[in-house]
Each structure stands twice: as structure tokens, then as C-alpha cells.
Amino acid sequence: LVNQVVSHLLQAIRSKDGGFSSIERQSSGSYYERVKITEPNEFDIMLVMPVSRLQLDQSDDTGAYYYLAFKRTPKEKCLLKFLDEDGKLSAFKMLQALREIIKQEVKTIKNVEVTVTRKKAGSPAITLQIKNPPSEISVDIILTLEVQQSWPPSTQEGLKIEQWLGTKVRREFRFRSIYLVAKQNKREKVLRGNTWRLSFSHIEKAMMNNHGNSKTCCESDGPKCCRKGCLKLLKYLLEQLKMKYPKELEKFCSYHVKTAFFHSCVMWPNDTDWHLGDLDHCFQKCLGYFVDCLKKSELPHFFIPQYNLLSLEDRASNHFLSRQISHQLNNRFPIFQE
């Protein structure tokens with residue numbers, strides 16, 4: 001159902017002269033990394049647009065958010081209409097144009113009821129609701145620019161996977177394109193909608209799907225490990241706690257536990273550290289690490305180490321989550337029984 005709707009939209013977006021003719025679809029997120037938990041009712045689809053060289057200027061000290069400008073007149077002339085008055089590529093303008101096309105187009109989809117949900121401030125996604133009685137499916141469409149140039153300096157010390165996946169794999173990853181998503185930087189004083197955030201979902205997907213220290217880990221005839229099982233449990237625990245304490249934990253999302261999980265893979269790089277039969281033990285090790293991060297309010301972004309995903313101003317909610325997790329750890333996870 002999702003594929004049918006997305007293919008229809010993709011065809012329409014390309015044929016309109018909105019400047020999106022070169023857009024390609026790429027699937028990202030948990031469903032496609034095969035670590036989705038509970039129902040497959042949420043999908044992330046990246047609409048990727050190749051762009052020739054860009055000038056990236058950091059918009060703050062996180063090293064994750066950038067202003068984009070063209071170094072010279074781009075091959076993609078149609079993009080010039082998305083520049084703001086300072087000559088920066090406006091994420092806001094591009095998202096709005098894409099959103100308009102999609103809003104018009106969903107009306108023409110036969111035999112499925114699709115609506116575009118109201119815009120959430122600062123969100124990089126255009127969210128579709130697909131009626132699929134008796135339930136609903138939500139699809140996040142994320143506008144992504146793909147630039148073939150070297151990764152910015154803030155990523156230099158990140159992706160510390162040498163011991164885990166090897167130096168060669170790290171080098172190969174760093175040769176891949178940069179992805180930028182139209183994400184508003186909330187720390188900006190004035191929200192003008194012209195910041196873009198680096199995205200590494202293509203690399204994360206590659207790490208998840210090729211996660212072993214040995215090349216045969218989890219292949220059909222190779223030894224099985226519990227890495228994905230761990231990540232699923234971490235996500236499930238956070239999801240259950242968020243349902244129980246929506247207000248206190250609204251700041252947290254699955255990306256926090258995914259990042260803690262990647263750091264754990266680096267701390268315990270060998271496949272023997274993740275025997276399939278040791279799931280409970282490995283899960284508790286990962287959780288222990290995550291709790292330490294919460295207590296210190298410090299979880300470095302896996303690719304941009306200077307960017308702390310747990311800010312000190314959220315110390316209260318970080319401590320709240322660490323207490324909740326510790327309670328679960330010490331009482332054999334009552335929340336899994338509920």
C-alpha cells in the first residue's frame with residue numbers, strides 16, 4: 001500500500017515543473033533496517049535530490065546544522081527559485097513547494113484514502129496518513145539533498161568503527177555522499193527555515209545490515225549475534241516508557257537509543273561479545289551505558305562527536321529517564337510484562 005502511494009506521488013512530483021524532476025526514493029528508518037518493533041504502521045521515505053557542489057557553512061557549534069549556498073550557478077537552474085534573499089538555499093521554501101505538489105496529488109489517488117497531516121513546526125517531514133481499515137499508516141516523506149563532496153570537518157573524529165567494522169569500511173563510508181535534510185535548527189534565535197541538518201541514515205542502514213566484526217555474522221550459514229535483538233529491546237523499552245510518561249519523556253526518540261547502541265558496538269567490537277544466547281546480558285550492558293550517558297547528560301552524536309544529543313538544559317528529563325530505566329533494570333523489567 002505504501003509503495004503504491006509513494007510511487008504515484010513520485011511520478012507526479014517528477015513530472016511537475018517544480019524543480020524536483022531528479023528526485024529519487026530511498027527508504028530509511030527502522031522498518032528498512034529490519035529493527036521495527038510492533039506494527040509496521042510508520043514508514044520513513046527519503047526523497048533524495050542530487051545537487052552539484054554546495055558551500056556548507058556551520059550555523060552553530062553542534063557541527064550538524066548548515067546553511068547551504070551554491071559555489072557557482074548550479075546545473076540545476078530550477079533550484080535558484082528556492083534561494084532566500086541572502087542567497088541561501090531555503091529548506092522552508094523547498095518543503096513548501098514539495099508539500100503543495102503532494103497535497104494536490106493525493107486527491108487524485110484512486111481507491112486509497114490519503115491525507116497530508118498538518119504541518120508540525122520545525123519538522124523535516126511531510127506526513128501522509130493512509131487509511132487502511134481498521135488502522136492507519138503514517139508515512140514521513142523527508143526531503144533530502146545528496147551532495148557528492150567530502151564530509152565536513154565536524155565529522156572528522158566521528159564514526160569510530162575501526163576496531164568494530166574495520167578501517168577499510170570506515171574509509172569506504174566516508175567516501176559516500178553527504179545527505180542533508182530540511183531540518184530547522186531549534187537553537188536559532190530567529191527561525192527562518194534556512195538550516196539543513198546532516199543525515200547519516202544511509203550509513204546507519206549499511207552498518208545495521210552489515211554489523212559483524214567477522215564478515216559472515218548473521219549470514220544464512222554464519223554464526224548469529226544478538227545485536228539487532230538488543231537494539232529492538234532498547235527501542236521497545238523507550239517506546240513503552242514514553243507511552244507511560246509522555247510528558248516527561250517527550251524529548252526522547254529512538255535515535256537516542258540507536259546512538260547509544262552504536263557506541264556500544266564500538267565498545268564491544270567482537271562478534272563473540274554478542275553471542276545470540278547472551279541477549280539478556282548484552283541488553284543490560286547497552287542499557288547500563290545509556291543510563292551513564294543520561295546521568296552525565298552526555299551522548300555524543302555517533303558521526304559528529306562535538307554534538308551532544310542530551311543537552312544540559314534537559315538535565316531533569318535525562319535524570320527522570322535514567323531513574324525509570326534503572327528501576328526496570330533492577331526489577332526484571334516489569335514494563336515488559338504489563
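**Figure 1. Interface of domain 1 and domain 2 in the predicted model.** Across the interface of domain 1 and domain 2, zero salt bridges are found, a salt bridge being a side-chain nitrogen of Lys or Arg within 4 Å of a carboxyl oxygen of Asp or Glu. The model is predicted: local features need pLDDT of at least 70 and side-chain atom pairs count only at pLDDT 80 or more, whereas totals for chains, interfaces and linings use all residues. Residues are numbered from 1 along each chain as its sequence is written, and side-chain values use heavy atoms, with hydrogens and water left out. The chain is divided into domain 1 (1-201) and domain 2 (216-336), with bounds that come from an automatic or database domain assignment. To the contact (heavy atoms within 4.5 Å), domain 1 gives 26 residues and domain 2 gives 20 residues. The C-alpha centres of the two domains lie 26 Å apart. About 2000 Å² is buried between them, and carbon and sulfur atoms give 65% of this area; buried area is the accessible area (1.4 Å probe) that two parts lose on being put together, summed over both.

Figure 2. Six of the six residues of strand β4 (residues 65-70) are buried, so the strand is largely enclosed by the rest of the structure. Buried denotes under 20% relative accessible area, exposed over 50%, and partly exposed in between (1.4 Å probe, protein chains only). Strands (E, at least two residues) and helices (H or I, at least four) are DSSP runs, numbered from the N terminus. Tyr-65, Tyr-67 and Ala-69 point one way from β4, and Tyr-66, Leu-68 and Phe-70 point the other way. Strand β3 (residues 54-58) pairs with β4 in the antiparallel sense over five bridges, where pairing requires that DSSP find at least two bridges between the strands. Asp-57 has Tyr-67 as its bridge partner in β4. β3 and β4 form a hairpin with six residues between them, and Gly-63 in the turn has a positive phi of about 80°. β4 also pairs with strand β9 (residues 196-199), again in the antiparallel sense, over two bridges; here Arg-197 is the bridge partner of Tyr-65.

**Figure 3. Surroundings of Tyr-66.** Tyr-66 lies in strand β4 and is buried, with a relative accessible area of 2%. Leaving aside residues up to four places away in sequence, the residues touched by Tyr-66 include Leu-56, Asp-57, Pro-152, Asn-194, Trp-196 and Leu-198.

**Figure 4. Helix α4.** Seven of the nine residues of helix α4 (residues 201-209) are buried, so this helix is largely enclosed by the rest of the structure. Among the buried residues are His-202, Glu-204 and Met-207.

**Figure 5. Selected salt bridges.** The structure holds twelve salt bridges. In one of them, the closest N and O atoms of Arg-14 and Glu-24 are 3.6 Å apart. Arg-14 lies in helix α1 (residues 2-15) and Glu-24 in strand β1 (residues 24-28), so the pair ties together parts that are ten residues apart in sequence. Arg-14 is partly exposed at 32% relative accessible area, as is Glu-24 at 46%. Lys-244 and Glu-338 also form a salt bridge (3.5 Å, N to O). Lys-244 belongs to helix α5 (residues 227-244) and Glu-338 to the segment after α9 (334-337), so this pair ties together parts that are 94 residues apart in sequence. Lys-244 is partly exposed at 41%, whereas Glu-338 is exposed at 67%.
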